[in-house]
Amino acid sequence: MTDRPRASADDHHEGTEVPHDEWNAWCEQATSENSGRAVDVLRSDRALGEVRLAEGQQLVAIEHDVFGKTEALTIKCGTSAVPVSYVVAEPRSIRQRQNAAGEVEDVRIVDATGRRTLVDLG
């Protein structure tokens with residue numbers, strides 16, 4: 001259990017931005033270092049407000065895919081045999097926040113419409 005307050009997709013997010021040309025490598029590293037950790041996935045935009053997509057699910061993978069001129073980030077949770085996928089179409093930024101030990105606490109993804117997806121690993 002942690003004393004860290006529960007994150008919100010709308011919270012101001014400090015942390016470091018992942019450069020776009022490093023997204024593939026970052027996704028591979030984030031998956032290898034965090035697979036199996038419990039995550040909450042929240043999505044927030046002006047029309048819907050904040051929606052909790054997953055709570056306490058195990059992270060299976062974070063993947064970056066390019067389809068012609070379109071790209072997507074996919075967050076897979078649950079079990080590796082039958083994961084549930086949450087897709088962020090047309091991502092524009094990835095920011096991660098780490099604790100003092102260098103472990104990722106959360107990842108915030110913003111898409112082309114301004115919708116925010118938060119992957120909370122805390």
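Q: Is Asp120 buried or exposed?
A: Asp120 counts as buried, because its relative accessibility is 7%. Buried means under 20% relative accessible area, exposed means over 50%, and partly exposed lies in between, with a 1.4 Å probe and protein chains only.

Q: Where is Asp120 placed?
A: Asp120 is in strand β8, residues 116-120. Helices (H or I, at least four residues) and strands (E, at least two) are DSSP runs, numbered from the N terminus. Asp120 is 8.9 Å from Val104, C-alpha to C-alpha, and the two are 16 residues apart in sequence.

Q: What kind of model is this, and which conventions apply?
A: This is a predicted model, in which local features need pLDDT of at least 70, side-chain atom pairs count only at pLDDT 80 or more, and totals for chains, interfaces and linings use all residues. Residues are numbered from 1 along each chain as its sequence is written, and side-chain values use heavy atoms, with hydrogens and water left out.

Q: What is the mean pLDDT of the protein?
A: The mean pLDDT is 89, and 89% of the residues reach 70 or more. pLDDT is the predictor's confidence in each residue, from 0 to 100.

Q: Where does pLDDT stay under 50?
A: That applies over residues 1-5, for which the model has seven contacts beyond four places in sequence. Contact means heavy atoms within 4.5 Å.

Q: How many bridges join β2 to β3?
A: Seven bridges join these two antiparallel strands. β2 and β3 form a hairpin with three residues between them, and Arg43 has Val51 in β3 as its bridge partner.

Q: And how many join β3 to β4?
A: Eight bridges join β3 to β4, again antiparallel. Asp65 stands opposite Ala72 in β4. The hairpin of β3 and β4 has two residues between the strands, and Gly68 there takes a positive phi near 65°.

Q: Turning to the helix, which residues of α1 are buried?
A: In α1, Trp23, Trp26, Cys27, Ala30, Thr31 and Asn34 are buried. They cover an arc of only 130° around the axis, which puts them on the same side of α1; the arc is that of the directions from the helix axis to the C-beta atoms. On the other side, Ala25, Glu28, Ser32 and Glu33 are exposed.

Q: What do the buried residues of α1 pack against?
A: They pack against β3, β4, β6 (91-98) and β7. α1 is followed by Gly36, whose phi is positive, near 95°.

Q: Which residues touch the most other members of the largest nonpolar core?
A: Of its 21 residues, these are Trp26, Val39, Ile75, Ile94, Val107 and Ile109. α1 (23-34), β2 (38-45), β3 (49-67), β4 (70-78), β5 (83-89) and β7 (104-111) each supply at least two residues of this core, and the largest share, four residues, comes from α1. A nonpolar core is a set of buried Ala, Val, Leu, Ile, Met, Phe, Trp, Tyr and Cys residues joined through side-chain atoms within 4.5 Å.

Q: What does Ile75 touch?
A: Not counting residues up to four places away in sequence, Ile75 touches Val41, Leu59, Ala61, Val84, Ser85, Tyr86, Val88, Ile109, Thr117 and Val119. Tyr86, in β5, is the bridge partner of Ile75. β4 and β5 pair in the antiparallel sense over seven bridges.

Technical notes:
Two strands pair if DSSP finds at least two bridges between them.
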